Amino acid sequence: MSLLGDALVYLNDPFNWTKPNGIGDLGLQHLSISAVAVAAAMVVGIPVGALLGHIGRGGAFTVALSNVSRAIPTLALLTLFAVTPIGFGPTATTIALAVFALPPILTNTYVGFRGVDRDVVEASRAMGMSEPQVVLRAELPLAMPLLMTGVRTAAVQVVATATLAALVAGGGLGRIITLGFRQQQYGVVLAGAILVAALAVATEVVLAVVAWSVTPGPKRLGLGRLRIRRPATGAVTAAP
Amino acid sequence: MLSAAGPATLAADAAPNPWFDPSYVTSNWSTILAYLGEHVRLTVAAVVLGAVIALPLALLARRSRWLAGPVLTVSTLIYTIPSLAMFAFVAPITGLSATTVLVGLVLYSLVILVRNFLVGLQSVPDDVREAARGMGYGPARLFWHVELPLALPSFMAGIRVATVSTVALVTVGVIVGHGGLGQLITGGFNANFYRAEIVTGSVGCVLLALLADLLLAGAERALTPWTRRAAS
């Protein structure tokens, strides 16, 4: 396994981490683009999903949105935003990734709020809660597990997809892979693949812990849980 | 004459770069068709191979709880690996060929299919299985005549999701030069951001995915006539 050896040598060289546009720079860029994209999608997706779920409308819309989004290639969206007047660079990548992060967050928030027991909502109204209080203090905690599943799905997907930005001259850790391919250095390609895969898995684990800590009530780590794709109910995860 | 290009066009202006250009599609039809062919071949091969591998895995996983855990954990892990990294893992072994793309795509469709197949098989009521066994059905006949029809909706849902996401994923194959319609997307990007080519590739991908989904939905309807009768 000399390839793996090459990859390990590349990863073990401190200069490859600290040089300009090295693993450190690219990794930081990768994470910041992903974080901004997920945050933007949360700012739009959570209130809209919560509102739709609260009033119980728009189920068909959210399901259709998440199904259609699966058919759109990430590469196409990244490229299309790059050739608009925005120009290629971190901004176009971030917008494209935010668009991709939206459906899982929106759909899971909607399903979470929609799934809150109606009796609970009635009871909290009867206790004199105002509508915002019902949403924030009764429905939100109950919808939290699904909401966090949506955020986690979106974040892992965004971290994974941010790699593709390298194909259209964007930044991020994908650069190491594309550069390795161009120079026919498969050891470097493998090193980049290992880094990207590790980052995606780490995101999944970290967010599972975050979800566990913000979920009220009996807690369980949802890592190995069977997340079934059921297009009809909408708790879906899209393509990486 | 310069004016032939229109009075508004000066030599200093950027060349017109429309989003939609039918003349691009007509004059490059054979190229587009070749990429489309590759796209369809890769998708069909990936989903069929994925299904062929996923079915025994799902059957094994159903047999014992002990195996179901690892199968699902490994499939979650595979699904987390970014597509570009997946192709990069496979490329050193199979080189810059369509096989590299195919192996990556099979792994992803496999992951989706195993889960749906498992859910479908688990949705068959134990009573039904017992009854069929009591009527003298052997394991093979039990699977073909009892379990498969009952699990078919879940199977088909999995195949539809796998097909649509595979169509989208083929485009990432551009990294090894076999990305089907994705070649048009990066090709246009590299040809000084030629929008008509990019849009043709992107729209082609989406249309192909929607068409495949419609065809599979039709196949599902044709294969499960009893669900329609129950609904009406």
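Predicted model: local features only at pLDDT ≥ 70, side-chain atom pairs only at ≥ 80, totals over all residues.
**Exercise 1.** Check the span of helix 4 of chain B against 1.5 Å a residue, then find what its buried residues pack against.

Solution. The expected span is 1.5 Å times one less than the number of residues. For the 12 residues of helix 4 of chain B this gives 16 Å, and the end C-alpha atoms are 16 Å apart, so the two agree. Next, list the buried residues (20 or more other C-beta atoms within 10 Å of the residue's own, with C-beta atoms placed from the backbone). They are B:Ser83, B:Leu84, B:Ala85, B:Met86, B:Phe87, B:Ala88 and B:Ala91. In chain A they pack against helix 9 (174–182) and helix 10, and in chain B against helix 5 and helix 7.

**Exercise 2.** Locate B:Ile175 and decide whether B:Ile175 is buried or exposed.

Solution. B:Ile175 sits in the loop between helix 7 and helix 8 of chain B. Because 27 other C-beta atoms lie within 10 Å, B:Ile175 is buried. Now take its contacts (C-beta atoms, placed from the backbone, within 7 Å). Leaving aside neighbours within four places in sequence, these are A:Leu167, A:Thr178, A:Phe181, B:Leu84 and B:Phe87.

**Exercise 3.** Describe the side of chain B that touches chain A by residue class.

Solution. Start with the count: 42 residues of chain B are in contact with 38 residues of chain A. Helix 9 of chain B gives the largest share of that side of chain B, 8 residues. By class, the side has 29 nonpolar, 11 polar and 2 charged residues. Nonpolar covers Ala, Val, Leu, Ile, Met, Phe, Trp, Tyr, Cys and Pro; charged covers Asp, Glu, Lys and Arg; the others, Gly among them, are polar.

**Exercise 4.** Give the angle and axis distance for helix 1 and helix 10 of chain A.

Solution. Helix 1 (residues 2–12) and helix 10 (residues 186–214) of chain A pack at about 65°, their axes 7 Å apart. Roughly perpendicular means 65 to 115 degrees, so helix 1 of chain A is roughly perpendicular to helix 10 of chain A.

Definitions and conventions:
Residues numbered from 1 in each chain as written. Chains lettered and ligands numbered in written order. Contact = placed C-beta atoms within 7 Å. Helix = DSSP H or I, 4+ residues; strand = E, 2+ residues; numbered from the N terminus. Axes fitted to C-alpha atoms, helices over the stretch in contact; angles between N-to-C directions. Parallel < 35°, antiparallel > 145°, perpendicular 65-115°, else oblique. Buried ≥ 20, exposed ≤ 12 C-beta atoms within 10 Å, placed from the backbone.
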